[in-house]
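Below are some notes for a colleague who has not seen this structure before. Please read them with the sequence and the model side by side.

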Amino acid sequence: MDSINTKMSAPELIKTDAEVNRFNKVNEKMTGIKNKQQMGKDEFLTLLIAQLSHQDPTNPMDNTEFVAQMAQFSSLEQMHNMSTGFEKIASVMHNNDAISTIGKTVEIEMGTDKITGVVEKVVRGENPQVFVNGNFYNMEHINAVYGN
């Protein structure tokens, strides 16, 4: 990307920066979505398409640079897919941990209070909860699990 900036003159850089800032402000007002500091795969692809459509036909982008950018996009997409997969695995594991406590005695720590009781039921989800002594508690409050 740096090699593209060196081909632009100072007035072109200032104009481009102003246009990007204006677009971001209008976009934020219309969508309510604030600018992120990190670029996702959609933003990267949009930027690449804009780059290609606005390049100088007499001085097109270098093939090596284009291939490098496509490789970056591919890597970004794969990292996003892996992250999504890891999130799903973590969710399944948290739910399984909660389910495995059903019928077992647990010690729950809520600040300075310690509650001991048998898990009667579990609510699965992003933050699984156990039902002990008539109340629901998040899994992170379980201090110990005892086999019955």
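1. Start with strand 5, where Ile142 is the bridge partner of Ile108. This contact belongs to the pairing of strand 1 with strand 5 (residues 142–146), which is antiparallel and runs over 4 bridges. Please bear in mind that the model is predicted.

2. Strand 1 has another partner to look at. Residues 105–110 (strand 1) and residues 113–123 (strand 2) pair in the antiparallel sense, with 6 bridges. Within this pairing, Thr105 stands opposite Val118 of strand 2.

3. As for the overall layout, the chain holds 4 helices and 5 strands. Read from the N terminus, the order is α-α-α-α-β-β-β-β-β.

4. The mean pLDDT of the chain is 80, and 86% of its residues reach 70 or more. Where pLDDT is low, the predicted coordinates should not be read in detail.

5. Some totals complete the note. Of the 148 residues in the chain, 18% are buried. The accessible surface is about 11100 Å², and carbon and sulfur atoms account for 56% of that surface. Of the contacts between residues at least 6 apart in sequence, 46% join residues at least 24 apart.

How values were computed: Residues numbered from 1 in each chain as written. Predicted model: local features only at pLDDT ≥ 70, side-chain atom pairs only at ≥ 80, totals over all residues. Heavy atoms only, no water. Pairing = 2+ DSSP bridges. Helix = DSSP H or I, 4+ residues; strand = E, 2+ residues; numbered from the N terminus. pLDDT = per-residue confidence, 0-100. Buried < 20%, exposed > 50% of the residue type's maximum accessible area, 1.4 Å probe, protein only. Contact = heavy atoms within 4.5 Å. Areas by Shrake-Rupley, 256 points an atom, 1.4 Å probe, with all protein chains shown as cover.
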